[in-house]
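Q: Could we go through this structure together? I should like to start with the overall build and then turn to details.

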Amino acid sequence: MALLQVDDIHTYYGAIHALKGISIHVDKGEIVTLIGANGAGKSTTLNTICGVVHPRHGTITLEGEEIHRLPAHEIVMRGVAQAPEGRRVFGRLTVAENLEMGAFTRKDKEGIKRDLERVYALFPRLKERQKQLAGTLSGGEQQMLAIGRALMANPRLLLLDEPSMGLAPILVDLIFDTIKEINAQGTTVLLVEQNALMALSIAHRAYVLETGNIVLSGTGKELLNNPEVMKAYLGVE
Amino acid sequence: MTATTLSRTAEKETTLHWSRVVGTGLIGGVVAIYVGLVGMIEALAGRVVITGLLTTGQVILLGVYLLMSYQAAQKLTGADAKAGPLSVVAGALAGLIISIMLALLVVIGQQINLRAMFINASPRLWELLTLGRGVPTGLVLLMALGAVLGALAGGLALLPSRLRRAVSLGLVAVPIVSILNTALFAGRGVSALGALLIFAFFTAISYGWSSVGGQARERVAALPSGQQRLLKMIGWSAVALGALALPLLGPYPSEIIDTVGIYVLMGLGLNIVVGFAGLLDLGYVAFFALGAYTIGILTSPEITWLPLHLTWWEALPIAILVGVISGTLLGIPVLQMRGDYLAIVTLGFGEIIRLIFLSDWLKPLVGGSNGITRIPRAVPPPQGFSDQQVLWYIVLAGIVVAAYIATRLKYSRIGRNWMAMREDEDVAQAMGIDLVKTKLLAFATGAALSAVGGAIFATKLTSIYPHSFNLLVSINVLAVIIVGGMGSIPGVLVGALALVGLPELLREFAEYRLLVYGAVLVFMMLKRPEGLLPEARRKLELHEGEEV
């Protein structure tokens with residue numbers, strides 16, 4: 001059984017039909033990426049999975065359990081954590097407090113401590129800046145913090161929304177290396193990206209979204225070599 | 001060698017902004033003229049601060065001189081550099097400009113009748129401004145005085161910061177102590193010697209504390225925890241004894257502290273809603289009104305349609321319950337609203353509640369504009385004491401319970417929820433926080449405390465009218481927590497003392513209360529946005545990187 005099974009979901013913003021029947025699945029241990037242009041519905045798909053918006057039709061199941069009618073906080077409790085688009089760290093809280101907030105739903109003190117060590121090991125920069133207010137971090141550090149905060153929930157499924165947004169190329173490389181490492185440690189990742197080249201090069205499988213529909217899917221390598229993808233998203237003629 | 005050259009060039013680059021000094025002086029002049037024309041100087045001229053020397057009106061003018069000249073002296077150079085002795089000249093210049101502008105006002109006022117527009121532009125004002133010496137002499141004197149005051153304020157900028165802070169505190173303490181003396185003990189200000197002693201005392205205490213306070217704190221921290229706890233207990237007992245002894249000041253001071261106390265109680269509640277949870281509630285008076293009216297309806301013998309006639313104590317839990325329920329009910333429709341939208345809706349809610357109580361529709365039940373009277377006292381006072389003196393203990397109990405609840409909540413999981421929600425609702429939700437529960441809990445807790453405030457208010461006055469529950473109450477409470485320091489619990493106490501207590505003491509002040517509120521709020525937002533006694537987090541946020 002797939003860890004996450006999204007089945008023909010239709011999501012609306014008022015009268016706007018944003019997702020027109022998306023079906024994807026994520027298996028345990030995978031990195032799956034959704035790529036597509038602005039407005040294709042990538043973030044809406046993530047937000048629908050998180051329960052921030054609810055689908056009008058279709059089902060979402062997490063290891064067989066239907067979650068598409070649950071409020072957002074209950075989905076978090078079932079092990080789905082998100083690093084939202086634009087990072088959105090708690091600017092007036094310190095780095096350490098941000099990470100604590102990530103473990104909000106958890107009660108196991110030992111596990112929280114272990115995961116804090118894990119996050120600091122992944123991002124030593126955060127450890128140096130534990131006591132600093134998150135709003136004063138650089139963009140790259142804030143992205144590390146957003147991912148670290150999501151990891152503190154010890155999620156079964158980690159949702160990453162455009163982690164490369166607005167970062168210098170060297171930091172993009174660092175972030176993607178870390179995503180690979182997080183996955184290698186056993187966390188399943190669903191990654192939404194505009195930077196298709198980077199995303200496809202680390203993903204096991206990928207879906208291409210266009211105006212609310214899945215138009216292509218395959219392994220990361222297949223899509224990297226797909227002429228349509230090359231033309232539309234990789235800028236290769 | 002290179003380093004010296006560098007620092008020298010840096011020194012040379014410190015430009016002197018004389019235009020800014022003049023500008024600040026001009027602003028000071030405008031403020032002084034304004035204060036004169038709205039009548040504050042005249043109205044407060046009757047109240048002596050230092051016998052034979054200073055009246056409250058003059059103190060206000062003096063404050064303008066010192067504050068603006070000090071600002072001018074600081075503006076002479078950029079933020080980092082010190083102007084050195086030149087700051088005295090800058091201060092004197094600003095003080096002189098203020099005096100010149102006031103002098104111009106006097107000259108113009110004596111040629112043209114300004115009273116058609118400014119009823120306070122009276123001969124009495126000219127007399128006060130010319131120090132009673134007539135036009136040419138008095139005006140020269142005023143200018144000389146302005147320059148001297150400005151120079152003193154400029155000199156203040158030269159002092160090391162610890163000493164400067166101590167001297168400023170001493171300067172502020174003199175009029176406050178004098179006003180307290182006049183209001184509470186029917187004195188007539190303080191004598192010149194007394195003022196000097198007060199100044200010396202507070203300056204010395206402040207300076208002394210700033211030099212040994214840190215060490216003392218370290219030494220206490222080094223003590224074994226048992227002794228630390230003992231010290232803490234001694235400290236708290238002293239505070240408790242002081243609070244318990246307050247009504248001994250007499251019936252009139254008791255009435256003032258009761259009023260301050262009710263504002264502290266409401267401030268603690270609103271602090272939860274606005275300070276902790278970040279929900280800007282401008283209709284906070286609604287719950288205050290509901291608490292008061294619940295008490296009125298349940299206890300007053302005037303209410304014939306519901307002949308329960310409970311005692312105040314029996315009605316209190318019901319009033320709290322009404323607060324909780326109405327807080328939740330208001331919360332439900334505004335769950336989706338944020339920031340300014342929320343503020344407007346709650347503002348409307350506050351007015352609706354007042355208008356309902358005022359309406360003809362409910363007149364048979366709650367008395368309309370006649371309100372409800374004959375509300376019983378909570379506790380009959382013992383022989384020789386007034387109702388207001390006894391009421392303080394109820395107020396105090398309310399404050400203690402409210403402060404306890406607020407502190408516990410702040411550092412609990414719920415407090416954490418509120419903080420995260422205040423920072424970013426969406427992400428808070430994504431962290432697994434139940435926004436509905438978290439928001440409603442904030443509204444309900446705040447409303448309950450406001451309802452307790454209303455219940456006490458009702459028995460304090462023994463009568464309630466719809467007009468006691470206007471928008472201004474909400475704004476006052478909000479101003480209290482802003483001035484005190486958003487999110488800070490001791491800040492509420494200080495804010496209420498400054499914004500509710502002081503104006504009560506200065507009766508002549510009443511008509512200028514809003515004017516002063518405005519000025520104080522603008523000044524606070526510019527110079528000390530974190531409030532008088534800020535929460536550690538806000539201080540960190542606004543002054544990160546600065547020396548503390």
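This is a predicted model: local features need pLDDT of at least 70, side-chain atom pairs count only at pLDDT 80 or more; totals for chains, interfaces and linings use all residues.

Q: How many helices and strands does chain A have?
A: Chain A has ten helices and ten strands. Both are DSSP runs numbered from the N terminus: helices are H or I with at least four residues, strands are E with at least two. Along its principal axes, the C-alpha trace of chain A spans about 45 × 40 × 35 Å.

Q: What percentage of chain A counts as buried?
A: In chain A, 46% of the 237 residues count as buried. A residue is buried if 20 or more other C-beta atoms lie within 10 Å of its own, exposed if 12 or fewer, and partly exposed in between, with C-beta atoms placed from the backbone. Of the contacts in chain A with a separation of 6 or more, 65% are between residues 24 or more positions apart. Two residues are in contact if their C-beta atoms, placed from the backbone, lie within 7 Å.

Q: Moving to helix α7 of chain A, what span should its 16 residues have?
A: At 1.5 Å a residue, helix α7 (residues 169-184) of chain A should span 22 Å, and its end C-alpha atoms are 23 Å apart, which agrees. The expected span is 1.5 Å times one less than the number of residues.

Q: Which residues of α7(A) are buried?
A: A:Ile175, A:Ile179 and A:Ile182 are buried in α7(A). They cover an arc of only 65° around the axis, so they are on the same side of α7(A). The arc is that of the directions from the helix axis to the C-beta atoms. An α-helix has 3.6 residues a turn, so residues three or four places apart point the same way.

Q: And which are exposed on the other side of α7(A)?
A: A:Pro169, A:Ile170, A:Asp177, A:Glu181 and A:Ala184 are exposed there.

Q: What covers the buried residues of α7(A)?
A: The cover includes α4 (109-122), α6 (139-151), β7 (157-161), β8 (188-193) and α8 (196-202) of chain A. α7(A) is followed by A:Gly186, which has a positive phi near 115°.

Q: Where is A:Arg88 found?
A: A:Arg88 is in the loop between β6 (80-83) and α3 (95-102) of chain A. Its phi is positive, about 50°, although A:Arg88 is not a glycine. Most residues other than glycine have a negative phi. A:Arg88 counts as partly exposed because it has 19 C-beta neighbours inside 10 Å.

Q: Turning to chain B, how many helices and strands does it have?
A: Chain B has 23 helices and two strands. Its radius of gyration is 26 Å, close to the 24 Å that the globule rule gives for 548 residues, so chain B is as compact as a globular protein of that length. Buried residues make up 43% of the 548 residues in chain B.

Q: Into which domains is chain B divided?
A: Chain B is divided into domain 1 (16-158), domain 2 (166-207) and domain 3 (252-542), with bounds from an automatic or database domain assignment. The C-alpha centres of domain 2 and domain 3 of chain B lie 32 Å apart.

Q: What about α12(B): how many of its 15 residues are buried?
A: In α12(B), 15 of its 15 residues are buried.

Q: Finally, how many residues of chain B are in contact with chain A?
A: 15 residues of chain B are in contact with 19 residues of chain A. On the side of chain B that touches chain A, α17 (413-423), α18 (425-430) and α23 (536-542) of chain B each supply at least two residues. α18(B) gives the most to that side, with four residues. The residues of that side of chain B divide into six nonpolar, two polar and seven charged. Here Ala, Val, Leu, Ile, Met, Phe, Trp, Tyr, Cys and Pro count as nonpolar, Asp, Glu, Lys and Arg as charged, and the others, Gly among them, as polar.

How values were computed. Residues are numbered from 1 along each chain as its sequence is written. Chains are lettered from A and ligands numbered from 1 in the order in which they are written. The radius of gyration is taken over C-alpha atoms; the globule rule is 2.2 Å times the number of residues to the power 0.38.
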